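Please read them with the structure open.

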Amino acid sequence: MAQNKLENQIKEKVSSREIQPSAQAWDRLDAMLTIAEEKKTKRSPFLSFQFIGIAASVLVFVTLGMFFFTQKTTKIKPQNNVVDTEVKKDSLVKEPNFKFEIPKSKENQVAVSVKNNSTINNQQSTISNQRVSINNQKTAINNQQQNNQNPLINRDKEIELQNTSDVALKDLPKIETRKEIVVQGNTNAKSDEALLASLDKVAKQSNTQKSVVKVDAKSLLSQVDGELEMSFREKVINRVSKNYKEVKVALANRNNE
Amino acid sequence: MKVINLHQEERELIELAVDNNRHAQQKIYSKYASKMLSVCRQYIKDLHQAEDIMITAFMKVFTNLKNFEHKGNFEGWIRRIMVNECISYIRVQKKVKFIEDENYFEERHNDIESKFSVEDIQFLIDSLPDGYRMVFNLYCIEGYKHQEIATMLGINEGTSKSQLSHARIMLQDNIKTLKNYDNGTE
């Protein structure tokens, strides 16, 4: 139905009407618009952080992949070592009979060397202290081997050497050199008897010292075996846990500072 | 030529406002704010409330300005947003329920010759219930058809017609009382 005159009148009047809004209306709208813009701008850094996070995760995966790849090559070596040590363990069990023979041969060498020293001392009065000390070093080493009457100690030594652990090998010569220094102090005596006496003393001292430094072969072997028997996963976990602890400690220290 | 220049100016303003140019946004606001507040006032009795709704609607205008395709009238586009905002406010805040009434009377022709001021007209419109007022405004002032009103309000077309019929009857009765009041008979 068509609109009547009243409705047309209402439409005309209302359509042409204008109501001026308050002065604060635009300020409010402006504030709302700025808030909306800030929200939009805040989203962009978040997105950038997301991208950084994705990039970081990719990097982590790549490094982990490289780490595992390199670990696979090193994994082969310990397995070979395990085989070697097993073979050596067998040899260790069989060898003790030969140990006594080797020192005997060296005993003669010591005797020879000492004799030579005595002849040299008699014939040539100008023998340097260095030479004597070198000879005495040899004798000290020989005496150490000679005076190791207890076969158990010899076994320990052999095990240490045959396990081919660098730490054990490095440690042992250090002890010997210290003894040599002691011997040098005593070898200032020129007579053969005095030298022999001093050698005996050194041998006794070395015995006493060696008895002090006891190495439990079984525990060492068990440790090494444990390390060798550790699976690749366990090794990785151990390394990760170690690194994590180090980082944790470093962070704690930094925070304390 | 002037019309083309004005259209181009408006287009440029809109494009600047899309890029969050605050000066362009303010120009658009100052151009249409008074008209749009009048539109909101048709639906909302309280002027302050109407202003609040107008601001919210303008916010929607500026956030959705990139969706304006420059095909229709820009003022009409803004007006539609205002109307929709008012309707949604009334429906949500006042929880208006439309009662379906199939047995409504056909509209009567009542050509009232007397002239009313805008304030009187607004008073008469305000006297209508929310449902009647919405349908009356949409049909008589905005020029929507019953089908469009039905889809806008989520009601049947018949309900829209019945609401309009009831609104007209009530409006004529109110005019009569207003006339009698002016003549001093009441």
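**Notes on the A–B model**

1. Start with the charged cluster. A network of salt bridges links Arg28(A), Glu51(B) and Asp52(B). A salt bridge here is a side-chain nitrogen of Lys or Arg within 4 Å of a carboxyl oxygen of Asp or Glu.

2. Ground rules. This is a predicted model, in which local features need pLDDT of at least 70 and side-chain atom pairs count only at pLDDT 80 or more, while totals for chains, interfaces and linings use all residues. Residues are numbered from 1 along each chain as its sequence is written, chains are lettered from A and ligands numbered from 1 in the order in which they are written, and side-chain values use heavy atoms, with hydrogens and water left out.

3. The interface. Contact (heavy atoms within 4.5 Å) involves 29 residues of chain A and 44 residues of chain B. The buried area is about 3600 Å², and carbon and sulfur atoms give 60% of that. Buried area means the accessible area (1.4 Å probe) that two parts lose on being put together, summed over both. Between the chains there are 5 salt bridges.

4. A cross-chain pair. Arg22(B) forms a salt bridge with Glu37(A), with the closest N and O atoms 2.5 Å apart. Arg22(B) lies in helix 2 of chain B and Glu37(A) in helix 2 of chain A, so the pair joins two chains. Helices are DSSP runs (H or I, at least four residues), numbered from the N terminus. Arg22(B) is buried at 19% relative accessible area, while Glu37(A) is partly exposed at 23%. The cut-offs are under 20% for buried, over 50% for exposed and in between for partly exposed (1.4 Å probe, protein chains only).

5. Gln25(B). Which side chain does the side chain of Gln25(B) meet in a polar contact? That of Arg22(B), at 2.8 Å. A polar contact is a pair of N or O atoms within 3.5 Å; within protein, one must be able to donate a hydrogen and the other to accept it, and residues adjacent in sequence count only if both atoms are side-chain atoms. Gln25(B) is buried, with a relative accessible area of 0%. Beyond its neighbours within four places in sequence, Gln25(B) is in contact with residues including Trp26(A), Leu33(A) and Phe62(B).

6. Glu142(B). This residue sits in the loop between helix 6 (130-141) and helix 7 (146-153) of chain B. Glu142(B) is buried at 18% relative accessible area. The side chain of Glu142(B) makes a polar contact with that of Arg79(B) at 2.9 Å. Arg79(B) is one of the buried residues of helix 4 of chain B.

7. The start of helix 4. Asn73(B) caps the N-terminal end of helix 4 of chain B, with a side-chain oxygen 3.4 Å from the backbone nitrogen of Glu75(B).

8. Salt bridges inside chain B. Glu10(B) forms a salt bridge with Lys31(B), the closest N and O atoms being 3.1 Å apart. Glu10(B) lies in helix 1 (residues 2-18) and Lys31(B) in helix 2 of chain B, so this pair ties together parts 21 residues apart in sequence. Lys161(B) and Glu157(B) also meet in a salt bridge, at 4.0 Å, N to O. They are 4 residues apart in helix 8 (residues 157-183) of chain B, about one helical turn.
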